[in-house]
Amino acid sequence: MSLSVEPAVFVREFLTGFFEAQLVNGLLPTDEYYDLIASFRDGLFTGIAERLFATSPNRIPVEGFGDLRLIYLREFDGGEFPFLQGLAQPFSPQKRKLTCFVGHRFLPSIERSLRFNLRHLFEPHGIDLCWSGYDLAAKDVFREIVSGIKSADLCFFDNLGTLNKPNVYIEVGIAHALDKPMLVSEYSGPSSKGRRKIGDTGSVPSDLQGLLRIQYRGYQDLCQRIYFGLPAFLDRNGLRE
Amino acid sequence: MAAKKKTSSTVKTLQAKPKVAAKRTTTKSTQGAKKVAAKRSRSKLMVLEEKTAAEKTASKKTSLDALRFFVKTYANL
């Protein structure tokens with residue numbers, strides 16, 4: 001099930017979020033940021049926005065620069081949301097592939113949506129995902145997880161649904177001790193009134209707040225933040241050539 | 001009304017004074033040179049104004065530029 005959205009409004013809001021992330025990360029001067037935000041008033045992009053929705057998931061070429069594609073990613077409740085992809089050139093085999101260790105609560109609903117979404121976000125950067133697979137239980141699984149984090153170039157941890165199953169924080173601790181660059185996403189619940197926060201979720205302890213923490217209200221919010229922030233995160237940690 | 005007329009004639013006299021003074025202190029040749037210089041500075045100003053307008057047009061972004069900026073960022077990963 002997907003919510004109906006006005007194509008032009010969606011594209012404008014999506015790109016506004018992207019430009020804001022570029023601005024905050026120091027990759028876009030303020031003057032250029034406001035020029036780009038103001039440019040949406042001309043409405044020239046409306047036709048492309050409508051084509052993106054009408055022909056999804058077909059590629060839409062943007063003359064001289066590359067292709068765009070509108071896809072649908074997944075919320076943890078089974079819903080879908082639109083997502084705009086700038087399509088990268090095929091990843092050069094000469095570039096070294098990176099591995100990202102992913103830790104999250106092992107629940108079918110989270111697994112089905114989060115893993116599907118993350119694949120779309122990390123693949124354009126040549127990053128393979130390595131899943132923790134199971135909640136920490138057996139001794140061998142623990143060893144396997146330590147080994148997985150050790151051999152990864154970076155880590156991603158999500159705390160959704162971990163209130164009574166805080167294993168993901170142990171994994172965060174292991175990655176911290178091994179000095180691995182990591183993204184830690186913290187579910188903070190929807191902001192609008194009348195929508196209930198998903199239970200069984202704690203918050204990231206204060207002593208972990210120095211790490212790159214992404215607070216999110218839903219997977220749509222999380223996916224945009226990762227997508228817009230990943231290039232700068234990889235640069236900062238020397239993970240891009 | 002009479003008072004008003006008096007005031008306007010006084011203003012006219014005051015405005016006329018510098019013109020007379022200018023004629024007395026400058027020769028015909030210096031006047032010509034001044035006119036040429038003024039014309040030159042006016043044309044320089046016009047060129048500057050045109051340049052600024054051209055720069056403004058060049059820096060004005062369209063929403064298609066915004067889309068291109070986005071595509072370019074992810075195309076060159």
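**Close-up 1. Strands E4 and E5 of chain A, side by side.** Strand E4 (residues 98–103) and strand E5 (residues 127–131) of chain A pair in the parallel sense, with five bridges between them. Here, helices (H or I, at least four residues) and strands (E, at least two) are DSSP runs, numbered from the N terminus, and two strands pair if DSSP finds at least two bridges between them. Look for A:Val102, which sits opposite A:Trp131 of E5(A). To get from E4(A) to E5(A), the chain passes through helix H4 (residues 108–122) of chain A, making a right-handed β-α-β crossover. Right-handed means that, with the strands pointing away from the viewer, the path from the first strand over the helix to the second runs clockwise. This is a predicted model, where local features need pLDDT of at least 70 and side-chain atom pairs count only at pLDDT 80 or more, while totals for chains, interfaces and linings use all residues. Residues are numbered from 1 along each chain as its sequence is written, and chains are lettered from A and ligands numbered from 1 in the order in which they are written.

**Close-up 2. On to strands E6 and E7.** E4(A) also runs parallel to strand E6 (residues 154–158) of chain A, joined by four bridges. A:Cys100 has A:Leu154 as its bridge partner there. E6(A) in turn runs parallel to strand E7 (residues 182–187) of chain A, again through four bridges, and A:Cys155 faces A:Met182 across that pair.

Close-up 3. Five strands of chain A line up as E5-E4-E6-E7-E8 in an open sheet with parallel pairing. E5 and strand E8 (212–216) of chain A are the edge strands, each pairing on one side only. From one strand to the next, the twist averages 20°. H4(A) lies across E4, E5 and E6 of chain A, at about 155° to E5(A). Helix H7 (residues 219–236) of chain A lies across E7 and E8 of chain A, at about 155° to E8(A). Axes are lines fitted to C-alpha atoms, for helices over the stretch in contact (C-beta atoms, placed from the backbone, within 7 Å); angles run from 0 to 180 degrees between N-to-C directions.

**Close-up 4. Where chain A touches chain B.** The contact takes 21 residues from chain A and 17 residues from chain B. H2(A) gives the most to chain A's side, with three residues.

Key:
Two residues are in contact if their C-beta atoms, placed from the backbone, lie within 7 Å.
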